[in-house]
Amino acid sequence: MPSVLFVCSRNGGKSQMAAALMRQRAGGRVEVFSAGAAPGQRLSDETRASLARSGVSLGEERPKAVDPDLLSRVDRVVVIGHEDEIKPVVGMQGSIQA
């Protein structure tokens, strides 16, 4: 199954939203993750509200850091925003899209 990791600064808004929308759209055909370069403490209320209006739930999601093991195994890393730069890790097989 293909996999994608969405990354933003805090993992409290943009990357969480992208991941939630991809999960809904892909319908289980893509393994989807999100993470932050410097994760915050909680998810944005605006993100939750915006997704809820579209019928998408974040469930128990929470901000989390980029995991090097995950980074090395996903097929694609999508960096959202211009504040962050994700450097490849040893053994990384996927590509980074900014």
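Predicted model: local features only at pLDDT ≥ 70, side-chain atom pairs only at ≥ 80, totals over all residues.
Biologist: How many of the six residues of strand β1 are buried?

Modeller: Strands (E, at least two residues) and helices (H or I, at least four) are DSSP runs numbered from the N terminus. Buried means under 20% relative accessible area, exposed over 50%, and partly exposed in between, with a 1.4 Å probe and protein chains only. Ser3, Leu5 and Val7 point one way from β1, while Val4, Phe6 and Cys8 point the other way, and all are buried. For β1, residues 3–8, the count is six of six.

Biologist: Which residue of β2 is the bridge partner of Leu5?

Modeller: β2 covers residues 31–36 and runs parallel to β1, with six bridges joining the two. Five of the six residues of β2 are buried, so this strand is largely enclosed by the rest of the structure. Phe6 stands opposite Ser34 in β2. The bridge partner of Leu5 in β2 is Phe33.

Biologist: What is the handedness of the β-α-β unit made by β1, α1 and β2?

Modeller: A crossover is right-handed if, with the strands pointing away from the viewer, the path from the first strand over the helix to the second runs clockwise. Here the helix is α1, residues 14–26, and the unit is right-handed.

Biologist: How far apart are the end C-alpha atoms of α1?

Modeller: The expected span of a helix is 1.5 Å times one less than its number of residues. For the 13 residues of α1 this should give 18 Å, and the distance between its end C-alpha atoms agrees: 18 Å.

Biologist: Which elements do the buried residues of α1 pack against?

Modeller: The buried residues of α1 are Ser15, Gln16, Ala18, Ala19, Ala20 and Ala26. Contact means heavy atoms within 4.5 Å. The elements they pack against are β1, β2 and α2 (45–53).

Biologist: Is Asn11 buried or exposed?

Modeller: Asn11 is in the loop between β1 and α1. It has a positive phi of about 55° although it is not a glycine. Its relative accessibility is 0%, so Asn11 counts as buried.

Biologist: How many residues apart in sequence are the parts tied together by Glu61 and Arg23?

Modeller: A salt bridge is a side-chain nitrogen of Lys or Arg within 4 Å of a carboxyl oxygen of Asp or Glu. The side chains of Glu61 and Arg23 meet in one, at 3.7 Å from N to O. Because Glu61 lies in the loop between α2 and α3 (68–73) and Arg23 in helix α1, the separation of the parts they tie together is 38 residues.

Biologist: Which residues do salt bridges that share partners join into one network?

Modeller: Lys64 forms a salt bridge with Glu61, the closest N and O atoms being 2.8 Å apart. The network consists of Arg23, Glu61 and Lys64.

Methods. Residues numbered from 1 in each chain as written. Heavy atoms only, no water. Pairing = 2+ DSSP bridges.
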